[in-house]
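Welcome, and thanks for taking a look at this one with us. Below is a short briefing on the core, the strand pairing and the charged side chains.

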Amino acid sequence: MCSSDLRAGWTTGPRPGLERHEATWTLLAVDPVAATGTIDGAARTLGEEGWRVLAPPDGMPRVLAGRPAGNGREELDLVLVPATGRFFLTVRSALHRLEAGR
């Protein structure tokens with residue numbers, strides 16, 4: 001049985017008033033074979049949809065992807081930590097100008 005956790009929030013950008021939204025979804029106790037298949041499929045799909053994809057052949061199974069968007073880049077990390085069964089997806093938006101008192 002997998003358990004999951006979702007964390008999201010805004011992170012400071014390079015200049016005052018600019019921020020990025022970041023969300024991380026974590027699954028625990030995942031099947032490493034299924035997770036690795038998901039990572040391989042994500043790398044293919046993201047590449048087909050125009051993302052710049054990096055899927056290193058060594059180390060932890062993972063796909064790192066990015067593409068131009070609005071004010072900067074959108075980024076996505078999908079990673080399996082085999083030793084713990086932790087599988088997580090982090091998505092970061094491009095920069096957004098936020099008004100004071102949001």
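The largest nonpolar core has 14 residues, and V30, I39, V63, L78, L80 and F87 touch the most other members. Here a nonpolar core is a set of buried Ala, Val, Leu, Ile, Met, Phe, Trp, Tyr and Cys residues joined through side-chain atoms within 4.5 Å. Please keep in mind that this is a predicted model, in which local features need pLDDT of at least 70 and side-chain atom pairs count only at pLDDT 80 or more, while totals for chains, interfaces and linings use all residues. Residues are numbered from 1 along each chain as its sequence is written, and side-chain values use heavy atoms, with hydrogens and water left out.

- The biggest contribution is that of α1, with 5 residues.
- Leaving aside residues up to four places away in sequence, I39 touches P61, R62, V63, L78, V79, L80 and F87, where contact means heavy atoms within 4.5 Å.
- As general background, nonpolar side chains tend to be buried together in soluble globular proteins.

**Strand pairing**

- Strands β1 (residues 3-12) and β2 (residues 18-28) run antiparallel and are joined by 10 bridges; two strands pair if DSSP finds at least two bridges between them.
- S3 has L28 in β2 as its bridge partner.
- The β1 and β2 hairpin has 5 residues between the strands, and G17 takes a positive phi near 90° there.
- β2 also joins β6 in the antiparallel sense, through 6 bridges, and W25 stands opposite L89 in β6.
- With strand β7 (residues 96-97), β2 pairs antiparallel over 2 bridges; L18 has R97 in β7 as its bridge partner.

**Salt bridges**

- There are 6 salt bridges in the structure, each a side-chain nitrogen of Lys or Arg within 4 Å of a carboxyl oxygen of Asp or Glu.
- A network of salt bridges links R20, E22, E75, D77 and R92.
- R92 bridges to E75, with the closest N and O atoms 3.5 Å apart. This pair links distant parts of the chain, 17 residues apart, with R92 in strand β6 (residues 86-92) and E75 in strand β5 (residues 73-81).
- D77 forms a salt bridge with R92 as well, at 2.8 Å between the closest N and O atoms. D77 lies in strand β5 and R92 in strand β6, so this pair ties together parts that are 15 residues apart in sequence.
- Both D77 and R92 are buried, whereas E75 is partly exposed at 24% relative accessible area; buried means under 20%, exposed over 50% and partly exposed in between (1.4 Å probe, protein chains only).
- R67 and E74 meet in a salt bridge through their side chains (2.6 Å, N to O). R67 is partly exposed, with a relative accessible area of 27%, and E74 is partly exposed at 24%.

**Around R20**

- R20 sits in strand β2 and counts as buried, at 18% relative accessibility.
- The R20 side chain makes a polar contact with the side chain of E75 (3.4 Å). Such a contact is a pair of N or O atoms within 3.5 Å; within protein, one must be able to donate a hydrogen and the other to accept it, and residues adjacent in sequence count only if both atoms are side-chain atoms.
- A polar atom of the R20 side chain lies 3.2 Å from the backbone oxygen of R73.
- Not counting residues up to four places away in sequence, R20 touches residues including W10, R73, E75, R92 and L95.

Note on methods: Helix = DSSP H or I, 4+ residues; strand = E, 2+ residues; numbered from the N terminus.
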